[in-house]
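Today I look up the pockets, the cavities and the chain contacts.

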Amino acid sequence: MENVLSILFCLSLFYVIVTSRVKAYVTVLQIQGVLLSVLLIIQVIHNFSVYGIILPITLLLVKVILIPRYINKVISELEIKRRIEPTIQQMILLPIVIVTMITIFIVSSILSKNTAMDVIPFASGFSSIVVGIYIIMFRKKLIVHVCGFLILENGIFLFGTAVASELPMLIELGVLLDVFVVVFLMGITLNRISSTFKGFEVSHLGRLKD
Amino acid sequence: MLDFFIFILLPVLSAAFCFFVKDLKTQYSISLIVALLHLGLSLLVFLGLYNTDLPTFFSTDSLSKLFLLILSNVYFWIVLVSYSYLKRPIIPKAEEAKKYYFLLLNFYLASNSAAILSNHFGMYWVAAEATTLSVSPLIYFYRNEEALEAMWKYLFLVSVGIAFAFIGILLLTLSAKGTPLEGEQLFYTTFIKNASQLNPIWLKASFIFIFVGLSTKIGIAPMHSGDVDATSNAPSPIAALMSGSLRLTALIGVMRIYQIIRPTSSSEFARTILIIGGLLSLFFVFVYMFKVKNFKRMLAYSSVEHLGLITLGLGIGGLAFVGALYHSIFNSITKIILFLMAGNIRHNYNTREVLKVRSVLNFMPKTGWLFMIAFLAISGIPPLGLFFSEIKIFEGILFSDKPYILALVMFFLLFIFINMGKAIFNMLYKNGDGEQQSYKSEKFEFSHFIAIALLILLTCIAVFSPNILFENIINIAKDFGIIL
């Protein structure tokens, strides 16, 4: 079951690479949030505890409702145009991503011979981290960068479940809170940037140079 | 529990207080009291007069005691000077930033203390991310375009960097698979004890991810750009706070993973990475100093240089390790003076360009002289602190297995000194063309008093070299398994 969810997670990455609409990024973030929550709920069902249900619920709340809503609000407030304006066309980035993913999957299956781990969630998580970085590198709009950062964070989360690291509840919640506040601050900053620079693309940020 | 209350809870409560009470003077008094209590208790803890009793996820050892004291010291002086700084007339747009200044400062203290005192990697990560969140709105204090861009870049780059550090932490759990540590929590203490059983491949990967991720926050090349932008555009007290303590809070994370990797077979690998990081930082600063235009940016690069030197010292080990720890103390104190004086100059000339600032010694003699002394201190002129720590680092490098590095370091430092000196002495001495020579005497400001007090402190620590400090640093070296 975990493998199925991870594969679905990978498919959402392909969608995010080929789409050219900003709103689609937010949808993908929601889908990934749901997948991660389901993954956690499955783990809780295996050894049930009332205490353990807090984390999936908070995850659902933060990653599926709060953050996407907030980003949508920022998008509509700033009247950001719907297209993402890539620096590299989607059809060039797609093969790059496919090659990267294949490499990651092969390397992880080789590595898994020495260390016990779930190969598919591990590789999917790592792919998501790399795709997040690609999005930050090859897209012009700053709001898309924020989405890229969140995809990277989701990847790390999946990666964490794959290596079966059981961080204490308090810390997991702290991590979620931190991510939420980061996105919140980034939203406020974007608001300022759009009113100061009359735009929200990387090209506007070129004042600080040596 | 009193220690936990004063180190972490009290600053949080004080931040909440600052949210509700809008009067600046009340906010200042409360923050100052909190800072004083923090400084007092961390001094007691450092001197061994108070035994800490912290809840789970937190503990103290020699390293955290030292870094906590550095944090308290820097923070106390910065809060002390903040009120006179905020009283200066600034552009109307920045008025609204004052409201949140002390709130964020208190939050900064709480998150930094939590990061330094944590003994669990997860807790450290949460606290380290919180330090970024507390400091980035402060960077945007002046509400101008440069500050906004700096804040965005810092927030984004450091958040991504810290996310990388989190991957490193996850890889550390992976390295514990199949050892007695499997399923254990990520406490430093247990990991350090059982380090030799960890899987070396994952341990190396973990070190790289944590080092690269945190180096965005430490300001080690080539990930230094966000940090330099932020330090050079933040108001001077915040810049001093970032250079003096925030970078060290990030460094402690790297030192913890280094402490785990030291007794293993991957130790040499980690050393090499630290040495490369340090040398690369020195090289970047060396190149930048040839085209220096903005004096606050120059000071930010100087922080990159010194953190690079500290990283190099940690990597070399032996006496250089001891020197690096001394260096972190002296650097933090000197940076406060330099940034405060640079802030005075910026305020008076209303520019950050080196070429537009002329004859500071005539127009602002007090600031000018203190700035010059602080510059001499940061360049390692005796008896001003950094000389002693740099000598130790150099001696350590000379007697290590890689003595040739010393030649490179000396070469870089010499040119950094020459170019930085050229810029600073131009600012201090050179007269502008056709300027009327009517110098008014400069008032003795609060920042001058603080600069003098800090210079005395710097010299005293260096000359008298308190035994307790020496013992503490030796204990840290022992914890790291360094043979002196």
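Which helices each supply at least two residues of the lining of the largest pocket? I found helix 7 (169–197) of chain A, together with helix 1 (2–20), helix 4 (95–99), helix 5 (101–117) and helix 6 of chain B.

Ground rules before I go on. This is a predicted model, where local features need pLDDT of at least 70, side-chain atom pairs count only at pLDDT 80 or more, and totals for chains, interfaces and linings use all residues. Residues are numbered from 1 along each chain as its sequence is written, chains are lettered from A and ligands numbered from 1 in the order in which they are written, and side-chain values use heavy atoms, with hydrogens and water left out.

**Entry 1: largest pocket**

I noted a volume of about 1000 Å³ for the largest pocket. Its lining has 38 residues, and the closest to the centre are Val181(A), Leu104(B), Phe107(B), Ala130(B) and Leu133(B). Helix 7 of chain A gives the largest share of this lining, eleven residues. By class I get 30 nonpolar, four polar and four charged residues.

My terms: on a 1 Å grid over the protein atoms alone, a pocket is an open set of points with protein on both sides within 12 Å along at least five of seven lines, while a cavity is a set where a 1.4 Å probe fits but cannot get out; lining residues have an atom within 4 Å of a point. Grid points are joined across faces, edges and corners, and a volume is the space filled by probe spheres set on the points. Helices are DSSP runs (H or I, at least four residues), numbered from the N terminus. Ala, Val, Leu, Ile, Met, Phe, Trp, Tyr, Cys and Pro count as nonpolar, Asp, Glu, Lys and Arg as charged, and the others, Gly among them, as polar.

**Entry 2: second largest pocket**

I read about 790 Å³ for the second largest pocket. Of its 32 lining residues, Leu40(A), Gln43(A), Leu55(A), Glu166(A) and Glu172(A) are the closest to the centre. Helix 6 of chain A gives the most to this lining, with six residues. The classes come out as 19 nonpolar, seven polar and six charged.

**Entry 3: cavities**

I counted four cavities of 30 Å³ or more. The largest holds about 60 Å³, and its lining includes Phe121(B), Trp125(B), Ile162(B) and Leu214(B). Helix 6 of chain B supplies four of the lining residues, the largest share. Nine are nonpolar, with no polar and no charged residues.

The second largest cavity holds about 50 Å³. I found Leu29(A), Lys63(A), Ile67(A), Leu150(A) and Asn154(A) around it.

**Entry 4: where the chains meet**

How many residues of chain B are in contact with chain A? I get 46, against 45 residues of chain A, with contact meaning heavy atoms within 4.5 Å. The buried area (accessible area, 1.4 Å probe, that two parts lose on being put together, summed over both) is about 4100 Å², and carbon and sulfur atoms give 76% of it.

I found one salt bridge between the chains (a side-chain nitrogen of Lys or Arg within 4 Å of a carboxyl oxygen of Asp or Glu). Arg192(A) pairs with Glu96(B), with the closest N and O atoms 3.6 Å apart.
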